[in-house]
Structure formats: structure tokens, C-alpha cells
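Visitor: I have a model open on my screen, and I would like to know what stands behind each label. Please walk me through it.

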Amino acid sequence: MPDDLIALLDRFAEIGATPGGGVRRLTGSAEDGAARRLFAEIATARGARVTVDPVGNMFATFPTAPDADTTVLCGSHLDSQPTGGRFDGSLGVLSALAAASKIHAEGGAARHNITVVNWTNEEGARFQPSLTGSSVFTGKYTADFALGLTDRLGVSMGEALEEIGFLGEDPLDLTPVRNLELHVEQGGHLEETGLQIGAVTASWGVRKLTLSFTGAPSHTGPTAMGKRRDAMRAAALAITRFHAQMEAEEALLHWSAAKIVAEPDSPNVVASRVTVYFEIRNPEQQVCTEVGDRFMQAIGPEVSALGCGIEVFTDEARPGTALDPEGVGDTLAVADELGLRATGMLTITGHDALALAAAMPSTLVFVPSVDGLSHNEAELTLPDDLRNGGAVIEALLRRWISSDSAG
Ligand SMILES: [Zn+2]
């Protein structure tokens, strides 16, 4: 079944398909439910035992080692951004499904089973924080915390999962020895360098700095200009300063101010509180910290001059995560055997494999994204690159289920 992976990707891309060629499968939505049911149906038909844990993580275990109580996890996520790409997440789940079912169908006794995983709410589009299912699995969050997360309409993740029939009660009953995930790069490094496979060594650090600019509510009409304490104006000034400073910094940075919440949110009331979500990313966490501190110091006096204040709403440091070096070495070796041009590289984005790294050796493999585009309906990875990624996953699974230490 050489094009099994391509056929699977095409089939899942129909679920929640958007006019622009992408998908919309928010966690706990009807479309998420349909994708989950199709995944369970295909995996079961191919010989897997499918279980669902209390936060909706789906485990499809192929008994490649029926007597063993150990397994190699391989998967990603089937949920998407509101206007997401068709390969983001799906490629990881479906390449694992294609490879595991092929290996299982050949028979033979390995040392470990293979469990294909669909992690719940990786994207964090409907429920924040992201990487929810994988983080509950490693014990970073409790199941109660995850199920209690609410969307903007007040629906909890628990209610949403129950609604689509995926609030399970079966924790994985095998011991995972390793984790593996294939994902589209979502950046331009592989494409620009003409390489086919990325073995991710670590992730960039990020500082998520959310600031509330405080002023005072007053009528937007009669209030004298000199008497206004306009939090929206303070936020606008801070956002402008933020971009100018980041551009001028010498360090290699990625940054954004992507979300803003205004209060009282009326066109006729001068904003009394405006909360802005800033993010600063760099390979080194320390650089994110220093750059963010400089930004805070720079805007303080200017915001005061407008009669406004600044409150730190949240200030979260997420240092880069290092992935298992042996997994990187194995990925590069396998790519070489397959005649593929590969490199070790960093990831800027978060992935389930990074969450899993807290609990076990974890490996993340990238294939190129055309123009580095992602979280966009036009996100594209070419068929040859999809197949190359699938071949690397299959070879790594073969290697690791037969290995003594699974690493
Ligand atoms: Zn993804």
C-alpha cells in the first residue's frame, strides 16, 4: 500500500473541509467527532485495539508484541485551527496509522507494541492552554483541570467531549518506552536549504507576556481630551513600541502581539482596561527574558505620561525543550539509509512530542512546508515529502519496536 498515507490524508481532509482547501476541526466539535470515529473505525478494521482515556486521548494499539506490556507511542493530533491546514497534525496521526498497520500486517514478533495516538486539543484554538491531552498524559495538568477548560461560550472541554462521545475512561494500560511524531515544519528552513527531513533537537524558548493597560472609563464625546486616561491609546503605543524594539534588537527573534481584550468594550466609553498578549521567541530563554524586560522598562514612562498604568496579567517563561539525542541520531541514520537529505534543527512551534519529552525519550521529525505557511488553509506539503516522512516513521518504528531498550 505505497499510497495508503496519501489516501488516508485525502479522506480525513474531507472532514471539516473549508472552501479554501483547509480544515476546521475544533476540539469537541461535530467535525472532531467525525474524524475521531473514522480514525477508530480504520484502526480497528486493521487490527488495532482502540481505547479512549478520560480527556479524550485516543490510543490505537497494534499488537506487534502481544505478550509485551510495553509500547512505542506514535501520533499527533486531529484537531485543527479554525482555518487550519489539512496536514497539520493529521500527517502525524495518519503516517503512524499507515506504518503501524503495515508492520502489523506483516506479522512477526517484536519486543514492543505500537500505539497510534490522537492527542486531544493540541491546537488550543477552542480551549486554552494548548497541548492539553499530551500534558495530562505526562501529569503536567490534571484531567479535572483539562476537562474544566471552557470555550468563549462557556462550554467546558468535558461537556464538548461528552457531546461527541469521546469522554473515555480507559487510561493507556501499556508502558510507553518512547514517543515519535511526524509533523509538517510550519516554517521555511527545510525548503530554503533544500533538505527533506528535519530531526528536531530542541525547541525555541518563548516568553508569553500579557499586559493590562489601565486607564479610566469616561464618555468618548464630552470628556475633555486632557482629562482622558485612555487605556486603548496606551496599548496602541505599547504595541507600536514593541514592534519597533523587536525589529531593532540584534538577537534572532520571532514576536507577536496577536490578541487584545478591551474593557468595557463599548464604542462610547474610553477604554478603562486593555489587555494585550505579547510573545517573544528565541532559541535561548534568557534572551526572551532580557528583551521582554527592556520592553517593559521602555514603555513604563510613556504609558504613565498618558495617565495610564501597566499591570502584568501573566508572565510565562517556556524554556526550550531538548529532545532525546539518540532519537535524533536514529532519525538521521534512517533518513540516510533511505537516501534522504536530513538535518538536525530547532522547532519554533510547540508540539505534543515536546510535552511528551517530560516523561520519556521523545522524537519529532519534520518534512518541508511550501513557503513555510501554516495555520492557514493553503498550508501545503508536497506528496513526495509526505511519503518521505511516512517512510522515515515506518523505519524508525521498525527499529524501535525491535530494540532492547527502545532507544
Ligand atoms: Zn500541529
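Visitor: Which residues does Ala216 touch, not counting residues up to four places away in sequence?

Guide: Please keep in mind that this is a predicted model. Ala216 touches Arg229, Val270, Ala271 and Ser272. Ala216 itself is in the loop between β7 (205-214) and α8 (231-248). For a sense of scale, Pro82 is 134 residues away from Ala216 in sequence, and their C-alpha atoms are 35 Å apart in space.

Visitor: How do you know which parts of the chain belong to domain 1 and domain 2?

Guide: The bounds come from the domain assignment of the chain: domain 1 is 4-204 + 321-401, and domain 2 is 205-318. Taken over C-alpha atoms, the centres of domain 1 and domain 2 are separated by 35 Å. Where the two meet, domain 1 supplies four residues and domain 2 supplies nine.

Visitor: What makes up the area that domain 1 and domain 2 bury between them?

Guide: They bury about 580 Å², and 63% of that is on carbon and sulfur atoms. By class, the side of domain 1 that touches domain 2 has three nonpolar residues, one polar residue and no charged residues.

Visitor: How many salt bridges cross the interface of domain 1 and domain 2, and how do you know?

Guide: The rule finds zero there. A salt bridge needs a side-chain nitrogen of Lys or Arg, and the side of domain 1 that touches domain 2 has no charged residues, but a carboxyl oxygen of Asp or Glu is needed as well. One residue pair between domain 1 and domain 2 is in polar contact, with both residues at pLDDT 80 or more.

Visitor: What makes Arg49 and Asp173 a salt bridge?

Guide: Their side chains meet at 3.2 Å, N to O. The cut-off is 4 Å, so the pair qualifies. Arg49 lies in strand β1 (residues 49-52) and Asp173 in the loop between α6 (157-163) and β5, so the pair ties together parts that are 124 residues apart in sequence. In the whole structure, the search finds 21 salt bridges.

Visitor: Which residues are called donors of the zinc ion, and at what distances?

Guide: His77 (NE2), Asp88 (OD) and His183 (NE2) coordinate the zinc ion at 1.9 to 2.1 Å. Donors are N, O and S atoms within 2.8 Å of this metal, so these atoms pass the test. Along the chain the donors follow the spacing H-x10-D-x94-H. Asp88, in the loop between β3 (70-76) and α3 (90-105), and His183, in strand β5 (residues 175-184), are 95 residues apart, and the pair links distant parts of the chain.

Visitor: What is omega for the cis peptide bond from Gln128 to Pro129?

Guide: Omega is near 5 degrees in that cis bond, and Pro129 has its place in the loop between β4 (113-118) and α4 (132-137). The peptide bond from Glu263 to Pro264 is also cis, with omega near 0 degrees. Pro264 is in the loop between β8 (254-263) and β9 (273-282).

Notes. Residues numbered from 1 in each chain as written. Predicted model: local features only at pLDDT ≥ 70, side-chain atom pairs only at ≥ 80, totals over all residues. Heavy atoms only, no water. Domains from an automatic or database assignment. Contact = heavy atoms within 4.5 Å. Buried area = accessible area lost by both parts, 1.4 Å probe. Polar contact = N/O pair within 3.5 Å; in protein donor to acceptor, adjacent residues only side chain to side chain. Nonpolar A, V, L, I, M, F, W, Y, C, P; charged D, E, K, R; others polar. Donors = N, O, S within 2.8 Å, 3.2 Å for Na, K, Ca; no water. Helix = DSSP H or I, 4+ residues; strand = E, 2+ residues; numbered from the N terminus.
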